[in-house]
Amino acid sequence: MTDTWTLDQSDGELLLYTGVVGRAARMGHRLSIAMTRWRAEVTWAGTEPVAAELVVDVDSLEVLRGEGGVKGLSGPEKAVVRSNALKSLTASRFPVIRFTTEAIAASAQGYRLTGTLRIRNKSRRHEVDLHTSDLGGTWRMSAESVVRQSDYGMKPYSLLMGSLRVADDVTVSFSAVRAGKACSV
């Protein structure tokens, strides 16, 4: 028997964290960004997940805060950061980011999802360790993964002739809670 779970932003959150590098890194902000529209579908065969897909609307990018820097980020500065990020992601041409599994394997803390991550029409193999907790009728899921911008043809944003740059590695954090079947791990 197969079953499908659908999760979205009402079930959890999908966050991005950027760093700052370069000689003037102390002037820059480490950003916390939310992707506010996403949808994940998980297909089950009995008590085991057998397929999963996550689709993120790039235009849903929202700058939450900037840590560090000379001063905090104002509302207008957050709008500029958002605009620059959407340009880097070429959101007008590539409106979604997609992760599709090719294999799901049980692990000590949940599942290892192996699949294809597609950003800006470039695809690369990607693995995600999904931590799961069975709370008795509800599942808590979380994952953290690093995505390198240059792997997808993006040049990290820079200022001051490159002496202040967004770090190439971006940390992606996912967490959600979902009512559902018992965990088999």
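**Exercise 1.** Which residues does leucine 61 touch, not counting residues up to four places away in sequence?

*Solution.* The model is predicted; local features need pLDDT of at least 70, side-chain atom pairs count only at pLDDT 80 or more, and totals for chains, interfaces and linings use all residues. Residues are numbered from 1 along each chain as its sequence is written, and side-chain values use heavy atoms, with hydrogens and water left out.
Step 1: take contact as heavy atoms within 4.5 Å.
Step 2: list the partners of leucine 61, which are Ile33, Ala34, Met35, Arg82, Ala85, Leu86 and Leu89.

**Exercise 2.** Find the buried residues of α1 and what covers them.

*Solution.* Step 1: helices are DSSP runs of H or I with at least four residues, and strands are runs of E with at least two, numbered from the N terminus. Helix α1 spans residues 75-88.
Step 2: buried means under 20% relative accessible area, exposed over 50%, partly exposed in between (1.4 Å probe, protein chains only). In α1, Asn84, Ala85 and Leu86 are buried.
Step 3: the cover of these residues includes β7 (61-68).

**Exercise 3.** Where do threonine 90 and asparagine 121 lie, and are they buried or partly exposed?

*Solution.* Step 1: threonine 90 sits in the loop between α1 and β8 (96-107), with a positive phi of about 50 degrees. Threonine 90 counts as buried because its relative accessibility is 16%.
Step 2: asparagine 121 belongs to the loop between β9 (110-119) and β10 (122-134). Its phi is also positive, about 65 degrees, although asparagine 121 is not a glycine. At 47% relative accessibility, asparagine 121 is partly exposed.

Key: Expected span 1.5 Å × (residues − 1).
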